[in-house]
Amino acid sequence: MGAERVAVVTGATGVLGGAVARAFADAGTSVGVLSRSRDRVDAFVEELRSTGADACALTADVTDLAQLESARDAALERWGRIDVLVNAAGGQVPAAIVGEGSSFFDLPLDALDEVVRLNLDGTLLPIRVFGAAMIEEPFPDEGRSIVNFSSMAARRALTRAVGYGVAKAAVDNLTRWLAVELGRASRGRLRVNAVAPGFFLGEQNRALLVEPGGAPTPRGAAVLAHTPAGRFGEPDEVAGAVVWLSSAAASFVNGVVLPVDGGFDAFSGV
């Protein structure tokens with residue numbers, strides 16, 4: 001990707017979103033770093049700029065339409081175009097997890113609403129806002145790309161993570177629907193795909209998967225036993241898949257949800 005390409009990454013101050021933003025910057029792409037935390041966004045942008053990258057801070061809550069519109073306008077004012085949108089914002093809501101000794105029937109409905117809003121609305125609304133600018137001609141030679149973040153929880157029934165799994169399953173369907181809709185409207189020049197990460201260590205799940213000393217918890221050990229690679233993923237491994245999906249090398253790839261999971265989805269456990 002050349003310097004004329006512009007990517008906006010939501011959730012860019014998280015572990016996986018940050019790796020994606022760095023990968024685009026390393027590839028010479030201008031990067032709009034979007035997150036709701038201004039301090040974290042500014043610090044990350046300074047980090048990217050220190051490597052010579054062209055990066056811009058975009059502060060917005062991905063569930064707030066007005067904030068997203070302001071962020072889009074700032075990106076267009078700076079670069080005049082948006083070629084790639086990566087929806088990495090999202091995550092688990094602790095109150096929407098089925099805890100030890102409780103059941104689905106104990107979950108507060110407002111927590112389920114929150115986790116769906118964060119992951120589904122937090123994907124749909126950025127596409128609605130930034131995608132409106134991306135569908136406009138002229139298209140670059142390599143086309144434009146939207147990449148959403150799904151999860152293994154959308155494909156497999158993972159214990160405890162009911163709300164998160166429901167929300168990410170909706171993201172899968174949204175990805176395929178928009179791949180058809182926007183692909184036809186743009187004559188194949190705007191593609192929509194998703195990555196479905198397996199198990200990576202981040203702020204939200206570290207305590208569930210590893211002990212303070214680094215040994216796997218019982219849940220972490222179960223995950224590793226069902227992952228043929230025998231380890232947790234590295235953020236750069238997701239970032240590489242996202243950059244590929246956004247590149248000319250994937251110009252005929254549309255509507256896929258790509259597992260990046262070390263074989264977790266392929267393994268029956270037997």
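This is a predicted model: local features need pLDDT of at least 70, side-chain atom pairs count only at pLDDT 80 or more; totals for chains, interfaces and linings use all residues.

Modeller: Strand 1 (residues 6–10) and strand 2 (residues 30–35) pair in the parallel sense over five bridges.

Biologist: What makes strand 1 and strand 2 a pair?

Modeller: Two strands count as paired if there are at least two bridges between them. Strand 1 and strand 2 have five bridges, so they meet that definition. Within strand 2, V31 is the bridge partner of A7, and L34 is the bridge partner of T10.

Biologist: In what order do the strands of the open sheet come?

Modeller: The order is 3-2-1-4-5-6-7, with seven strands and parallel pairing. Strand 3 (55–59) and strand 7 (257–260) each have a single partner strand, so one side of each lacks a neighbour in the sheet. Neighbouring strands are turned against each other by 20° on average, ignoring direction.

Biologist: Why is strand 2 called mostly covered?

Modeller: The term buried applies under 20% relative accessible area. Six of the six residues of strand 2 are buried, so the strand is described as mostly covered. S30, G32 and L34 point one way, V31, V33 and S35 point the other way, and all are buried.

Biologist: Which helices lie across strand 2?

Modeller: Helix 1 (residues 15–26) lies across strand 2, and also across strand 1, strand 4 (84–87), strand 5 (144–149) and strand 6 (190–197). Helix 1 runs at about 170° to strand 1. Helix 2 (residues 38–49) lies across strand 2 and strand 3, at about 170° to strand 3.

Biologist: Which residues of helix 1 and helix 8 meet?

Modeller: V15, L16, A19, V20, A23 and F24 in helix 1 meet P235, D236, V238, A239, V242 and V243 in helix 8. By class, the residues of this contact are 11 nonpolar, no polar and one charged.

Biologist: What makes helix 4 roughly parallel to helix 5?

Modeller: The axes of helix 4 (residues 109–134) and helix 5 (residues 162–185) come within 8 Å and cross at roughly 20°. Angles under 35 degrees count as roughly parallel, so helix 4 is roughly parallel to helix 5. Their crossing is right-handed. On the helix 4 side, the contact is made by L112, V115, V116, N119, L120, T123, L124 and I127. On the helix 5 side are V162, G163, Y164, A167, K168, A170, V171, L174 and L178. These residues of the contact of helix 4 with helix 5 divide into 13 nonpolar, three polar and one charged.

Biologist: How do you know whether D172 is buried or exposed?

Modeller: D172 has a relative accessible area of 6%. Buried means under 20%, so D172 is buried. D172 is placed in helix 5. D172 touches S150, A154, R155 and V257, leaving out residues up to four places away in sequence.

Biologist: How are R160 and R187 classed, as buried, partly exposed or exposed?

Modeller: R160 has a relative accessible area of 25%. That lies between the 20% and 50% limits, so R160 is partly exposed. R187 has 61%, and exposed means over 50%, so R187 is exposed. R160 lies in the loop between strand 5 and helix 5, whereas R187 is in the loop between helix 5 and strand 6.

Biologist: Why would the backbone of some residues be pointed out at all?

Modeller: Most residues other than glycine have a negative phi, and most peptide bonds are trans. R160 has a positive phi near 80°, and R187 has a positive phi of about 55°. A cis peptide bond joins E137 and P138, with omega about 5°. P138 lies in the loop between helix 4 and strand 5.

Methods. Residues are numbered from 1 along each chain as its sequence is written. Side-chain values use heavy atoms; hydrogens and water are left out. Helices (H or I, at least four residues) and strands (E, at least two) are DSSP runs, numbered from the N terminus. Axes are lines fitted to C-alpha atoms, for helices over the stretch in contact, and angles run from 0 to 180 degrees between N-to-C directions. Contact means heavy atoms within 4.5 Å. Angles under 35 degrees count as roughly parallel, over 145 as roughly antiparallel, 65 to 115 as roughly perpendicular and the rest as oblique. A crossing is left-handed if the near helix is turned anticlockwise from the far one by less than a right angle, and right-handed if clockwise. Ala, Val, Leu, Ile, Met, Phe, Trp, Tyr, Cys and Pro count as nonpolar, Asp, Glu, Lys and Arg as charged, and the others, Gly among them, as polar. Buried means under 20% relative accessible area, exposed over 50%, partly exposed in between (1.4 Å probe, protein chains only).
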